[in-house]
Amino acid sequence: MQRGDIEFVLVDDCSPDEGKTVRELRNLVRDYPNIRAVELARNAGQHNAQMAALNYADGDYIISMDDDGQTSPTQLPKLLDEIDKGYDIVYAYYPNKKHSGGRNLGSRFNQWSLRVLIGKPKDMKTSSYWVIRRFVRDYAIQYKSAYTHIQGVFLRVTRNISCVPVEHFRREVGQSGYTFSKLVKLWANIIGFSIVPLRLATILGYVFSLAGLIGIIGVIVRKIVRPVTALGWPSVMVSIFFFSGLILLFMGLIGEYIGRIFLGMCNNPQFVVRQIDVHGGAPYLENEYGERFLRKEEAGP
């Protein structure tokens, strides 16, 4: 691959620093012609912010990189060399993560969930540091749901994916913005790419219904063999098992249909762009149809 011109799309995901980050981004835009800054009006979350960047990236190869310094540009040649082999997506992964034990345990659980729920290959290791080809980006941005999970989006586009080990550096400044609740919320977005949980409800419905049916047969046989047996707690419990199983079964079947509707009809915006800054030009906005227009205060008379 011939290394050519480089463009930087820097997304500010509504940083809670009273505009300090936005001002720094605007200074960079002013000084460098190959930088575009996208300011979001509200916090959209990391994966939606990445989708915002994809919408405004124009390169043949697109690289995602966090700004915390733990994903170093010095490791980028490893990803580029790997994608030169013909892969559509190349992920970086960290053999030795500089995270806490709890965070690493959560990452392993997340990887397991991805394999079970959306069929991620077992040998595919992922992170937020990746490079993709332009056609992957073109199809990925067609996904408009507000509940984005980047890996789920990419797996819908291609399975021609590789991963390479890179060094993970320690965070020098600040701390991760991911709280436990935010991590749980991000994990829950995987559900938007899978109906496995709904099918699990159906399976549980079959299991409990079968257990209840076996219990009913057992109670009847016991009553026949020992007519003096009092019908009390056992009969009540098997009845609860049986009818609870039926309820779960039909809820699962209904949920299967609702889940399929849900996967195709989520119209909440992924992100809301407040302003886009480009070198040598006035800040502009862009509507949902991709039409650009100047902010009223910048447009002049």
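A: Helix 5 (residues 134-140) holds both R134 and D138, which are 4 residues apart, or about one turn of the helix. Helices here are DSSP runs of H or I with at least four residues, strands are E runs of at least two, and both are numbered from the N terminus. An α-helix has 3.6 residues a turn, so residues three or four places apart point the same way. The side chains of R134 and D138 form a salt bridge, 3.0 Å from N to O, where the term means a side-chain nitrogen of Lys or Arg within 4 Å of a carboxyl oxygen of Asp or Glu. R134 is partly exposed at 26% relative accessible area, and D138 is partly exposed too, at 28%. Partly exposed is the middle class: buried means under 20% and exposed over 50%, with a 1.4 Å probe and protein chains only.

Some ground rules: this is a predicted model, so local features need pLDDT of at least 70 and side-chain atom pairs count only at pLDDT 80 or more, while totals for chains, interfaces and linings use all residues. Residues are numbered from 1 along each chain as its sequence is written, and side-chain values use heavy atoms, with hydrogens and water left out.

The salt bridge count comes to 10. Take R26 and D277, whose side chains meet at 3.6 Å, N to O. This pair links distant parts of the chain, with R26 in helix 1 (residues 20-31) and D277 in strand 7 (residues 273-278), 251 residues apart. R26 is partly exposed at 34%, whereas D277 is buried at 10%. R26 and D277 also belong to a network of salt bridges that takes in E39 and R274.

R133 pairs with D88, and their closest N and O atoms are 4.0 Å apart. Here too distant parts of the chain are linked: R133 is in strand 5 (residues 130-133), and D88 is in the loop between helix 3 (76-83) and strand 4 (89-93), 45 residues away. R133 is buried at 19%, and D88 is buried at 12%.

Burial can cover most of an element as well. In helix 6 (residues 150-157), 6 of the 8 residues are buried, so the helix is largely enclosed by the rest of the structure. Those residues are I150, Q151, G152, V153, F154 and L155.

L200, I203, L204, V207, F208, F241 and L248 make a nonpolar patch of about 560 Å². Patch residues have over 30% relative accessible area and no salt bridge; nonpolar side chains (Val, Leu, Ile, Met, Phe, Trp, Tyr) are joined within 5 Å, and like charges within 9 Å. The areas come from the Shrake-Rupley method with a 1.4 Å probe, and for residues only the protein chains shown count as cover. Helix 8 (196-225) and helix 9 (233-264) each supply at least two residues, with the largest share, 5 residues, coming from helix 8. V207 is in helix 8 and is partly exposed at 47%.

Last, a backbone check. Most residues other than glycine have a negative phi. C14 has a positive phi near 55 degrees, and E18 has one near 60 degrees. C14 sits in the loop between strand 1 (8-12) and helix 1, and E18 is in the loop between strand 1 and helix 1. C14 is partly exposed at 31%, while E18 is exposed at 76%.
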